[in-house]
Amino acid sequence: MRPILLQGHERSITQIKYNRDGDLLFSTAKDHVVCAWYSVNGERLGTYQGHQGALWTVDVNPTTTLLATGAADNTIRLWEVKTGRCLKTWDFPTAVKRVEFSDDGTLLLGVTEMRMGYLGTVVVFPINPDIEATQAAEPLFTITMSGSKATVAAWSYLNKYIITGHEDGSVGQYDGKSGELIQDVQAHEPDFLITDLQMAPDRTYFITASKDKTAKILSVDNLKVLKTYVTDTPLNTATITAKKDFVILGGGQEARDVTTTSSRQGKFEARFYHKIFESEIGRVKGHFGPLNTVACHPKGVGYASGGEDGYVRVHHFDKPYFDFMFEVEKMASAQRQLQ
Amino acid sequence: EDLYEAESANKEVIDKRKRQLDEWLAWREKVEKQLREERAKEGLPEDSREETWAGEEEGDTVIE
């Protein structure tokens, strides 16, 4: 699995996202620039310039025409993917930590930070897919977090729910049309931040990563914890692979946060776990600092990781990866073929 | 005796995994069916994204 190193950012990477076809990869970093790359060879397609602060988040719509970004300059910006033109800027009183288009691209959510005098919110904007159209100035609705602030959020299948991950380790389920709270659960250890929340390809379940050193899979319908992946390091990110039943986890402690140097060893690796059996399968080394973000190619042919070290590493899976199966899976698959 | 112990431990792991696999597949079947029905009710096509991608490269052989 020979990685391609994407050098173009000068500061730590905050989020990476593949488009729906997987031919493009978008990355945001603390250096104020958004980059677009060809995932197959790592060539840079272009940059999106205009943000005045660290970028926290990026997402691309299903047709790869619109790009949304959120930043420490308290704005969400909408860009034309092809030209790099900024189509819309929405201003907020605080930083924007996460943006995500709905599965059909008609809605965009944004998670805003809690700061003195302002509660954390999730805002939802209608999106007109027409590049030349004027986008709505005001959100359809705003969810205000009275308790623990949301750090991440995502859309379920059919825009039915907005799922939120919180600073206190809880996960919330909101009505996708009205923004009303349906339920919340203490999915992770109390007071350990949920750092990432990514949907499965069909958005019927999702994975959360937490500073409590675990990642979990929950069902979007009832927030039931279905799977738990236990690691030995605080996690910043987790993703579900398409095609194979794996999950990829990333994290690691900064050197300055660790008291003994020995415990730092081996912490900056992407970890592969079996999604169903919850056991670790392997690790991929490479980064010189914690992994802040991992994303799986939507066709399951590779993955990319972005690190505190400012690098994006793009990996294309080899044949042994696709061939790998547990004994139990081999038997089940053989049985299915007999039937 | 050691061999017997190792084998029974092994069997436990395999049984647990079998159970996990069966449970997961049953849950997926239920959820996927429900999603298809809900999409149909809203007049949406069955999500064809994965079908269009299928068959691009698929390895059925097994190494462990």
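The dialogue below goes through some features of a predicted model, one at a time.

Q: How is a salt bridge read, and how many does the structure hold?
A: Side chains of opposite charge can pair when their charged atoms come close. The term salt bridge stands for a side-chain nitrogen of Lys or Arg within 4 Å of a carboxyl oxygen of Asp or Glu, and over all chains the structure holds 21 of them.

Q: Which parts does the salt bridge between A:Asp103 and A:Arg203 tie together?
A: The side chains of these two residues, A:Asp103 and A:Arg203, meet with N and O 3.4 Å apart. A:Asp103 lies in the loop between S10 and S11 of chain A and A:Arg203 in the loop between strand S18 (194–199) and strand S19 (205–210), so the pair ties together parts that are 100 residues apart in sequence. Strands here are DSSP runs (E, at least two residues), as helices are (H or I, at least four), numbered from the N terminus.

Q: Are A:Asp103 and A:Arg203 buried or exposed?
A: Buried means under 20% relative accessible area, exposed over 50%, and partly exposed in between, with a 1.4 Å probe and protein chains only. A:Asp103 is buried because its relative accessible area is 15%, and A:Arg203 is buried as well, with a value of 12%.

Q: Which other residues belong to the network of salt bridges with A:Asp103 and A:Arg203?
A: A:Arg20 and A:Glu100 are linked with A:Asp103 and A:Arg203 in that network. The side chain of A:Asp103 also makes a polar contact of 2.9 Å with the side chain of A:Arg20; a polar contact is a pair of N or O atoms within 3.5 Å, where within protein one must be able to donate a hydrogen and the other to accept it, and residues adjacent in sequence count only if both atoms are side-chain atoms.

Q: Which salt bridge crosses between chains, from B:Glu38 to what residue?
A: B:Glu38 pairs with A:Lys160, the closest N and O atoms being 3.0 Å apart. The pair crosses from helix H1 (residues 2–41) of chain B to the loop between strand S14 (150–155) and strand S15 (161–166) of chain A. B:Glu38 is buried, with a relative accessible area of 16%, whereas A:Lys160 counts as partly exposed at 26%.

Q: Where do A:Arg271 and A:Asp232 lie?
A: These residues form a salt bridge whose closest N and O atoms are 3.1 Å apart. A:Arg271 is in strand S24 (residues 270–274) of chain A and A:Asp232 in the loop between strand S21 (225–230) and strand S22 (235–240), so the pair ties together parts that are 39 residues apart in sequence. A:Arg271 counts as buried at 0% relative accessibility, but A:Asp232 is partly exposed at 37%.

Q: What does A:Glu80 touch?
A: Contact means heavy atoms within 4.5 Å. A:Glu80, which lies in strand S8 (residues 75–80) of chain A, touches A:Tyr48, A:Thr65, A:Arg85, A:Leu87 and A:Ile131, not counting residues up to four places away in sequence. A polar contact of 2.8 Å joins its side chain to that of A:Thr83, and A:Glu80 counts as buried at 12% relative accessibility.

Notes: Residues numbered from 1 in each chain as written. Chains lettered and ligands numbered in written order. Predicted model: local features only at pLDDT ≥ 70, side-chain atom pairs only at ≥ 80, totals over all residues. Heavy atoms only, no water.
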